[in-house]
Amino acid sequence: MKRVQFEHSAIPYMFIAPQIIIIAVFFLWPAAQAVYQSFLLEDAFGLSSQFVWFKNYFDTIGSTSWLQAAGFTIVFSTLVTILSLAIALLLAVKANEVIRGARTYKTLLMWAYAIAPPVAGLMGNLMFHPLIGDLYKFMNTIGFDFDHKLDPYDAGFVVVLISVWKQVSVNFIFFLSGLQGIPKSVNEAALMDEKSSFRRFWTITFPLLAPTTFFLMVINITYAFFETFGIIDTTTRGAPGGATTTLVFKVFQDGFRGADIGGSSAQSVVLMLMVLGLTVIQFRFIERKVHY
Amino acid sequence: MARVDLKDVRKTYPNGAEAIRGVDMSIEDGEMIVFVGPSGCGKSTLLRMVAGLESVTGGDVEIDGRRINDVSPSERDVAMVFQNYALYPHMTVRGNMSYGLKNKGLPKSQIEAKVVEAAKMLRIDDYLDRQPQQLSGGQRQRVAMGRAIVREPKVFLFDEPLSNLDAKLRVQMRIEIKRLQRRMNVTSIYVTHDQTEAMTLADRLAVINEGRVEQMGAPMELYSNPATLFVASFIGAPAINLIPARFDGALQAGSMSLQGFSDLPTGVDLMLGIRPDVLTIREDGQFKMNVDLVEQHGGENLIYGSLDGVVDHEICLKSGQSVLPAIDDELTLGFDPATSFVFRTDTGERLK
C-alpha cells in the first residue's frame with residue numbers, strides 16, 4: 001500500500017503558535033511548577049529546599065484547617081451557584097415579560113456585571129460596616145443579633161450575599177438571551193396547550209433553557225471556586241477563625257502569607273484535580289440530559 | 001363541531017393603530033373559511049384574536065354562542081397550526097402530540113390511542129419517537145397538524161401553514177388539508193395570502209383589506225362577481241386586467257372607445273376590469289395589443305403585452321397552448337362587455 005505523504009509546512013503551526021504559547025506560559029508552566037513545588041519542603045527563608053515526596057499532601061489534606069476550608073467551599077459554591085442561577089432566572093423570566101421600558105430595566109439589571117469582584121467586596125464591606133453599614137444596621141433592627149466579624153454563619157451570609165449579587169447579572173444576561181432565543185410561536189403553542197404559566201415554564205421554557213443553564217452552571221461553579229477570592233479577600237479574609245476560608249483563599253494564605261510554598265502548591269494541585277473531577281462529572285452526567 | 005360568530009370585532013393597539021376595524025361574520029358548523037388578503041391587512045391578527053393570542057379590544061368573539069373574549073387560549077377549545085410549525089423541540093413527536101392532552105388530565109391509555117390514531121391518519125406513525133429536528137418540513141407540518149387533531153377541538157385555526165413548504169409539497173399538503181377537513185368536518189379558519197390556496201380550500205372566502213372584510217362568499221362567487229376593485233384585483237391568477245377609463249356614452253380608455261356600456265356616471269375616473277380568460281383573439285375585436293412576452297404553462301399560454309392606445313399599460317391574455325404569437329406581434333382582442341366589470345377608481349365600488 002502506498003502512503004500519501006503531504007509535505008509538512010511550518011505555517012499551520014505558526015498560526016496556532018500564539019494560542020499555544022499563551023497556554024504554555026500561563027497555564028502549563030505554572031501548573032508544572034505547582035506540581036514540582038508540591039513535592040518540595042522549603043526552609044523559612046527560602047534558601048534551601050528538599051524533596052519530600054507526598055509529605056506536603058498528607059500534611060495539608062489531613063489538617064483540620066484544610067478540611068474546614070473544603071467543607072466551607074462546598075457549601076459556599078453550592079449556595080452561590082444555586083442562588084445566583086435561581087435569582088437570575090427569575091429576574092430574566094420577569095424582565096422578558098416587561099414590555100414598557102424593557103431596555104432600561106434590562107440595563108439596570110445588567111449593571112453589576114461591570115463590577116470587579118474586589119470592588120464588589122469593598123462595597124459589601126461598606127454596607128456591612130459595624131459603624132456606618134446600612135445593611136448591618138438593618139439586620140440588627142429586624143431582630144438578628146448580626147455580627148459577621150464574630151459569627152461564622154453571619155460571615156458566611158455576607159460573602160454568599162455579595163458573591164451572588166455580583167454573579168446574578170452575568171447569569172441574567174445569558175438567561176435573558178436564552179429566553180429570547182425561544183421562538184415566539186413555541187410559546188404561543190404552549191399557551192394554547194397549557195393554561196398554567198407555572199407548568200408551562202417547567203415543561204416548555206425550562207427544558208428549552210437547559211443548554212444555557214448547563215453552561216452557566218459550569219461557569220458559576222468555577223466562579224464560586226476561584227473568582228470569589230477577590231470578594232473574600234476584601235471582606236472577611238477568611239475570618240472568623242477560618243470559617244469563610246475557601247480552598248483558593250487558603251492556597252493564597254498559606255503560600256503568600258504563611259510562606260509555605262510546598263504546602264500551598266500541594267493544595268492547589270488537589271484543587272485542580274477536584275475541579276477536573278467536577279467538570280468531568282458535569283459533562284458526563286448532566287450534559288446528557290440537556291437537549292441542544 | 002361549532003359555529004363561530006364575530007360581532008363587530010375590533011382591535012386597536014395602545015398607540016392608536018387600528019388593525020381590525022369592525023368585522024362581522026358568522027361561520028357555520030363544519031365550514032372552512034379562508035381569510036385572504038395582502039400582508040398587513042389584519043387577517044392573521046383576526047385569527048389570533050379567535051385563538052386568544054391577541055386581545056379583543058372591541059366587539060365579541062363567540063363559539064357556539066359562548067362569548068370567549070376573556071377565556072384563556074387553552075380553554076377556548078380551539079387548536080392552531082402555526083406557520084413555522086412551533087413544535088416543542090425538546091419533545092418527541094409523541095410528546096408534542098400528547099402534551100395538550102396530558103395537561104387536560106386525560107388517562108394515559110386514551111392519550112396513546114388518540115395519538116396513534118391521528119399519527120396513522122397523517123402517516124407519521126413511523127416517526128412517533130423522533131425529535132422534530134430529525135424530520136423534514138413536510139413531516140413537521142404533519143406533526144403540527146397532528147397536535148391540533150388529537151385535541152379534537154371545536155375549531156381548527158391555520159395560520160399560513162403551508163408557506164414554509166416547497167411548491168410541490170404545498171400543493172400536496174393543500175389537498176390533504178382539504179380532505180382531512182372534509183373527513184373530520186370540523187369548523188376551520190385558514191389564513192393565507194396565497195390566492196390559489198384560498199380559492200381551492202375555502203367553502204367561503206373572506207377577502208380582508210385594511211382591517212375590514214371587503215367581501216365574503218364562495219370562491220367562485222368572488223371570482224365572477226367581485227364587489228369591489230380590491231376583491232377583483234386580489235382574486236384570480238393571473239390577475240385581472242384593469243384599464244383606466246371614462247364614460248361619455250361609450251367607455252373611453254386611452255384612444256379606444258368601447259361600446260356596450262350604459263348607465264355609468266360621467267366625469268369620474270373608472271376602471272374597466274377584464275379577466276384574462278374572457279379576452280379572445282378575434283378579427284372584429286375592440287382593441288389591439290403588442291405582444292412582449294409569452295409564458296407557456298403547459299396546458300395554457302399567458303400572453304402579456306402593452307395595450308395599444310393606453311400608455312404603458314400591460315395586459316394579460318390566457319389562451320390555449322396552440323396559440324403562440326411571436327414577440328412584437330399585434331393581436332386584435334375582443335371581449336363581451338357583459339363579462340367585464342366597471343369600478344369607480346376613487347372608492348373602488350363596483351358599478352357594473
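Start by selecting D64 of chain B: in the hairpin of β4(B) and β5(B), with two residues between the strands, D64(B) takes a positive phi near 50°. Strands here are DSSP E runs of at least two residues and helices are H or I runs of at least four, both numbered from the N terminus. Before moving on, note that this is a predicted model, where local features need pLDDT of at least 70 and side-chain atom pairs count only at pLDDT 80 or more, while totals for chains, interfaces and linings use all residues. Residues are numbered from 1 along each chain as its sequence is written, and chains are lettered from A in the order in which they are written, with ligands numbered from 1.

**The strands around the hairpin**

Show residues 66-67 of chain B, strand β5, which pairs with β4(B) in the antiparallel sense over two bridges; strands pair if DSSP finds at least two bridges between them. Look for I63(B), which stands opposite R66(B) in β5(B).

**Two packed helices**

Next, select residues 93-104 and 137-150 of chain B, helices α2 and α4. Their axes come within 8 Å and cross at roughly 30°; axes are lines fitted to C-alpha atoms over the stretch in contact, with angles from 0 to 180 degrees between N-to-C directions. α2(B) and α4(B) are therefore roughly parallel to each other, a label for angles under 35 degrees. To see the contact (C-beta atoms, placed from the backbone, within 7 Å), display V93(B), N96(B), M97(B), G100(B) and L101(B) of α2(B) with V143(B), G146(B), R147(B) and V150(B) of α4(B).

**Chain B as a whole**

Zoom out to chain B, which has eight helices and 20 strands. Its C-alpha atoms fill a box of roughly 75 × 45 × 35 Å along the principal axes. Of its 352 residues, 40% count as buried, meaning 20 or more other C-beta atoms, placed from the backbone, within 10 Å of a residue's own.

**Where chain A meets chain B**

Finally, bring chain A into view: 14 of its residues are in contact with 17 residues of chain B. On the chain A side, α8 (184-193) and α9 (197-227) each supply at least two residues. Colour α8(A) to pick out the helix that gives the most, with seven residues.

Technical notes. Contact = placed C-beta atoms within 7 Å. Buried ≥ 20, exposed ≤ 12 C-beta atoms within 10 Å, placed from the backbone. Parallel < 35°, antiparallel > 145°, perpendicular 65-115°, else oblique.
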